Amino acid sequence: MKGWTGNILRVNLSDKTWKKESFSEEFARTWVGGRGFAVKILFDELKPGIDPLGPENKLVVALGPISGIPAPNTGKCVVAAKSPLTGFYGDGNLGTRVSDQLRKAGYDAMIIEGKAEKPMLLNIDDDKVEFLGAEEIWGKGTYACNEWIYGKYGKNAGVLNIGLGGENMVRYAVIRSMEGRAGGRPGMGAVMGSKLLKAIVVKGTKPIPQADPDELKKIGIGDLKEVHQLDRKSGWSRQSTTGVLAWCNEVAGLPVENFRKTSHPDAWKIDGERLDKARVATYGCPSCTMKCGITIHDKEKHESELDYENVALLGSNLNIFELDQVGSLNYLCDEYGLDTMSAGCTLSFYADAIARGAVEGSFKFGDAERAKELLGLAARREGKVGNLLAEGSLRMAKEFGHNSEAYAMQVKGLELAAYNCKFIPGQALSFGVAAIGAHHREAWIITFELKNSTRESYGPEKAAKVIELQRIRGGMFESLVACRFPWIELGWKLDNYPKYFNLATGLNWTLDDMWQLADRIYGMIKLHYIREFPEATRKGDYPPGVWFDPANADTEGPIAGKHLETEKYDQLLQHYYDQRGYDQRGIPTRELLAKLGIAKEGAEAEKYAKLN
Ligand code: PTT
Ligand code: SF4
């Protein structure tokens with residue numbers, strides 16, 4: 001088999017055993033890697049109904065056939081498990097040296113099972129796997145933990161680690177790597193913590209199997225230069241993702257005060273221009289020539305790396321417009337290993353709930369110092385408030401009552417990305433039908449919608465665009481595994497990706513083959529969902545209720561008086577289901593599953609929920 005090592009490393013933390021397992025060529029071609037591997041492995045190996053924070057859950061770390069080869073932006077890695085936040089399949093994608101080190105150690109993926117007896121560090125060094133005590137680093141923040149590991153294993157080691165948030169099983173704890181990388185929003189860090197696994201270190205020295213290594217090297221070196229030049233020419237990485245903030249503010253799409261408002265006159269104080277001016281350094285993932293991580297000094301003089309989502313959800317959404325204070329909140333999330341996005345939405349929901357009188361408490365929008373304290377309470381699960389905040393906004397809303405669920409800015413339990421869709425129906429749909437809960441990774445339709453289509457439209461073209469983007473972003477990029485930024489931000493051609501896939505594997509795939517793979521993956525995630533939630537209805541694909549509320553409409557600005565309309569949204573959802581071949585509940589039909597080659601998995605899911 002070319003392009004894949006053909007091996008998965010299976011590690012059991014309970015009895016400290018490991019084995020190298022091989023997979024078939026058919027498995028490789030059907031699921032490709034990354035998210036594809038993870039959805040299939042977890043579907044086959046997890047029993048529905050298990051506690052995501054119990055030893056039965058498994059953590060999958062998965063790479064793709066172009067991971068570790070000299071090609072642009074391939075230093076990424078998928079981490080997946082049953083999510084403690086949403087209760088079904090969850091995953092994330094982070095930049096890390098694990099991407100090439102694990103492949104050089106001879107594996108395309110790793111499955112971590114069981115639970116350690118004591119805090120543990122897993123050390124993988126080519127064919128050696130060591131289960132080492134981690135008492136010395138348990139309780140340390142992710143920066144200190146990372147430094148300790150670099151000191152012991154060298155800076156070239158691939159590292160995944162967790163902070164206090166993961167250790168204390170905060171439901172939105174992430175996994176961290178390198179200086180500023182983080183991933184696994186739906187609680188992948190909490191799953192590591194539940195297994196008492198503080199860190200994974202990986203080093204490898206073997207060649208990565210490639211069908212045409214000489215051609216790959218030649219093309220890769222040229223393409224790395226080309227991407228760099230495209231970035232220089234466009235100037236994108238001057239502001240990187242934070243360039244979006246000023247635009248969102250202008251088009252009334254920025255989250256302000258728990259998404260109640262859509263713009264703010266002080267937004268310029270935390271925009272990309274300000275960030276670029278305050279820049280201390282630039283970081284990025286391995287194998288990247290358009291590095292996008294901008295760091296600044298926060299209020300306490302720590303170095304803190306900010307992206308758009310972090311600035312908007314820890315800044316404008318909390319009514320905080322001092323860049324160094326936003327930096328401090330971001331630094332704390334990184335240090336504790338909490339997802340900045342869910343943390344921001346959970347804090348904003350809490351301030352909103354207090355303001356609405358749904359709960360008593362001391363936290364107001366704009367209070368950065370109290371927000372810092374609350375992040376610490378959540379990370380340590382300290383006291384009633386800390387424990388509440390550690391649960392995420394949906395569970396808090398259920399506890400508070402008073403119609404609070406409508407104000408919890410989440411879908412399927414996963415908090416939103418920073419796009420305020422009070423009156424942006426296509427992006428609202430994209431959140432509603434994102435495979436793992438509200439995430440912009442799947443279909444970032446907002447630019448298409450506001451630049452190429454009318455904002456008012458709930459027409460089928462928006463459903464079609466969501467599907468097109470899901471196939472590209474949530475399907476192809478997540479299974480190959482590569483960063484999507486060269487394509488989305490610099491216009492680097494999509495054809496490059498089947499080209500790399502074919503040179504690595506010796507196959508002859510087209511983009512259409514990639515879309516077929518993507519649809520299979522989306523079908524499988526739905527099967528995960530209905531096994532856990534057999535009563536699933538289309539209401540699960542709705543964005544937060546407050547966006548449909550006329551009383552919540554803007555009173556001034558470009559979308560004054562506008563809000564999402566329930567009947568029209570439902571029609572748009574139906575367009576999406578029709579175009580995908582899903583039934584009225586948003587579930588793939590038996591016929592579609594057969595076409596996608598997953599009828600057997602459909603029959604397994606049917607033990608829990610009936611298919612049409
Ligand atoms: C991703 C999500 C994002 S998406 C951001 S900012 W973004 C937040 N970053 C966090 C952070 O930082 N620290 C922290 N403690 N929590 C954080 N939570 C949030 O996590 C990230 C980049 C970015 S920056 C984006 S859009 C792109 N995402 C990609 C993706 O999802 N897939 C892919 N194939 N390529 C991508 N390229 C870009 O990667 P999750 P990273 Mg992250 C500090 O993982 O769970 O998917 O959530 O990975 O290495 O930090 O790069 O404006
Ligand atoms: Fe990583 Fe940014 Fe480069 Fe993508 S563009 S590979 S997220 S540094």
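How far apart do the C-alpha centres of domain 1 and domain 2 lie? In this predicted model, the C-alpha centres of these two domains are 26 Å apart. The domain assignment divides the chain into three parts, with domain 1 covering residues 7-203, domain 2 covering 235-420 and domain 3 covering 421-612.

**The boundary between domain 1 and domain 2**

Where these two domains meet, 35 residues of domain 1 are in contact with 35 residues of domain 2, and the area buried between them is about 2800 Å², with carbon and sulfur atoms giving 53% of that area. Of the area that domain 1 buries against domain 2, Tyr143, Tyr172 and Arg185 supply 28%, which is more than any other three residues.

The polar side of this boundary can be described by counts: there are 4 salt bridges between domain 1 and domain 2, and 23 residue pairs are in polar contact, both residues of each pair being at pLDDT 80 or more. On the side of domain 1 that touches domain 2, the elements giving two or more residues are α4 (142-153) and α5 (164-167), and the largest share, 3 residues, comes from α5. Sorted by class, that side of domain 1 has 15 nonpolar, 13 polar and 7 charged residues.

| Item for domain 1 and domain 2 | Value |
|---|---|
| Distance between C-alpha centres | 26 Å |
| Area buried | about 2800 Å² |
| Salt bridges | 4 salt bridges |
| Polar contacts | 23 residue pairs |

A salt bridge is also found between the side chains of arginine 171 and glutamate 391, with a distance of 3.1 Å from N to O.

**Local backbone features**

Two places in the backbone deserve a look when the model is inspected. Leucine 480 and valine 481 are joined by a cis peptide bond, for which omega is about -20 degrees, and valine 481 lies in the loop between α19 (460-480) and α20 (485-490). Glutamate 257, a residue other than glycine, has a positive phi value near 50 degrees, and its place is in the loop between α9 (244-250) and α10 (272-278).

Note on methods: Residues numbered from 1 in each chain as written. Chains lettered and ligands numbered in written order. Predicted model: local features only at pLDDT ≥ 70, side-chain atom pairs only at ≥ 80, totals over all residues. Heavy atoms only, no water. Domains from an automatic or database assignment. Contact = heavy atoms within 4.5 Å. Buried area = accessible area lost by both parts, 1.4 Å probe. Polar contact = N/O pair within 3.5 Å; in protein donor to acceptor, adjacent residues only side chain to side chain. Helix = DSSP H or I, 4+ residues; strand = E, 2+ residues; numbered from the N terminus. Nonpolar A, V, L, I, M, F, W, Y, C, P; charged D, E, K, R; others polar.
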